[in-house]
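Here's a quick briefing to keep beside your viewer. Have the model open and follow along topic by topic.

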Amino acid sequence: MTENYEVIVIGGGAAGLSAALVLGRARRRTLVVDAGEPRNAPAAHMQGYLSRDGMPPAEFLAAGRQEIARYGVELVRDRAVDATKGEDFAVRLAGGTPSGGGRTVHARQLVVATGLKDELPPVEGLAERFGRDVLHCPYCHGWEVRDQAFGVLATSPLSVHQALMVTQWSKDVTLFLHTVTERELSDEDRRRLAAAGVTVVPGEVAGLVVEDDRLTGVRLAGDTPSGEGAVHDREVLFVAPRAVPRNGLLERLGAEMTETPFGTYPVVDGRGLTSVPGLWAAGNASGFAEQVVNAASRGYRAGAAINGELLMADIDRAAAALRV
């Protein structure tokens with residue numbers, strides 16, 4: 001691995017690999033730094049990506065890594081622990097050491113495609129089932145669990161919207177209010193839930209009931225002698241994880257950020273360029289709702305724009321030299 005590149009891409013998911021593919025095909029010296037922590041790792045399959053529907057995420061990423069290698073793009077399994085900007089971008093890698101004392105690589109342009117982490121509500125058994133029968137996105141998983149008994153775990157009044165949405169895939173839906181009180185539901189919420197046939201169950205959820213490696217019920221907290229509350233038979237539970245964007249590098253580089261209901265994200269233009277010249281964001285590093293197909297599109301757009309920026313900068317530099 002050399003120390004100097006035209007572009008460094010931090011993040012080896014759909015967005016990062018797509019940007020690297022475009023840049024490699026444009027004959028740009030490109031390095032991908034991949035820590036190996038894709039957001040969709042818990043899922044057995046990914047859906048909704050035309051021609052790749054149902055493909056395992058790991059298989060998709062392996063194919064992407066093979067494709068970028070054909071165009072001379074380098075990929076290193078490492079973590080970017082810091083980045084600074086001077087005449088170029090300097091990215092310090094962990095190098096597999098606890099102190100993060102790895103090598104520093106340089107590039108003219110930097111793409112941050114580090115994604116986000118889903119932080120689940122602290123309910124017993126939830127994390128172990130996530131991506132299997134504990135789900136967050138009906139567009140990602142709704143078809144596979146259609147017509148089963150759904151539960152929705154409310155963590156804010158916005159969970160009403162999630163409960164209404166999943167009725168497209170099942171008519172047997174129960175909204176467990178959990179940390180939301182009944183008085184937090186508006187009259188409109190109540191009317192919509194009733195019209196959609198959603199059963200509303202107040203009270204905090206204590207845990208899940210799992211039998212033979214399948215979700216069979218949702219258990220409420222209770223004051224019975226056994227310390228266990230009522231169990232509601234359910235086969236699938238939808239949750240709304242708290243999105244934790246991995247945007248520390250963007251913040252340290254001075255990118256303008258904006259607060260959203262789903263986390264703090266960089267302000268970007270239509271191509272993915274942040275407020276810092278030469279610094280780009282793609283995929284879930286730039287927004288919460290980027291599915292795999294959207295992330296790949298964002299990466300492609302950023303890669304093409306970066307090549308254009310570099311090309312015109314070089315041409316302008318050569319033109320200025322001719323005038324001297």
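**Salt bridges, a sheet and a few side chains**

Glu6, Arg28, Arg108, Asp314 and Arg317 are joined up in a network of salt bridges. Keep in mind that this is a predicted model. Across the whole structure, a search turns up 20 salt bridges.

- Glu124 pairs with Arg219 in a salt bridge whose closest N and O atoms sit 3.8 Å apart.
- Glu124 is in the loop between strand 7 (116-119) and helix 3 (126-129), while Arg219 is in strand 13 (residues 214-221), so this pair ties together parts that are 95 residues apart in sequence.
- Are the two partners buried or exposed? Glu124 counts as exposed because its relative accessible area is 55%, and the cut-off for exposed is over 50%. Arg219 comes out as buried because its 14% falls under the 20% limit.
- Arg132 makes a salt bridge with Asp213, and here the closest N and O atoms are 2.6 Å apart.
- That pair also links distant parts of the chain: Arg132 is in the loop between helix 3 and strand 8, Asp213 is in the loop between strand 12 (205-211) and strand 13, and they are 81 residues apart.
- Arg132 has 41% relative accessibility, so it goes down as partly exposed. Asp213 is partly exposed too, at 48%.

- Glu188 and Arg192 form a salt bridge with the closest N and O atoms 3.7 Å apart.
- Glu188 counts as partly exposed because its relative accessibility is 41%. Arg192 gets the partly exposed label at 47%.

- Strand 10 (residues 173-176) pairs with strand 11 in the parallel sense, over 3 bridges.

- Leu311, Met312 and Ile315 make a nonpolar surface patch of about 260 Å².
- Leu311 is part of helix 8 (residues 292-323).
- With 40% relative accessibility, Leu311 counts as partly exposed.

**A buried Asn in a loop**

- Asn247 is found in the loop between strand 16 (242-245) and helix 7 (248-252).
- Why does Asn247 count as buried? Its relative accessibility is 3%, and buried means under 20%, so Asn247 qualifies.
- What does Asn247 touch? Leaving aside residues up to four places away in sequence, Asn247 has contacts with Thr114, Met257, Thr264, Tyr265, Pro266 and Ala285.

Notes: Residues numbered from 1 in each chain as written. Predicted model: local features only at pLDDT ≥ 70, side-chain atom pairs only at ≥ 80, totals over all residues. Heavy atoms only, no water. Pairing = 2+ DSSP bridges. Helix = DSSP H or I, 4+ residues; strand = E, 2+ residues; numbered from the N terminus. Patch = residues over 30% accessible without salt bridge, like charges linked within 9 Å, V, L, I, M, F, W, Y side chains within 5 Å. Areas by Shrake-Rupley, 256 points an atom, 1.4 Å probe, with all protein chains shown as cover. Salt bridge = Lys/Arg side-chain N within 4 Å of Asp/Glu carboxyl O. Buried < 20%, exposed > 50% of the residue type's maximum accessible area, 1.4 Å probe, protein only. Contact = heavy atoms within 4.5 Å.
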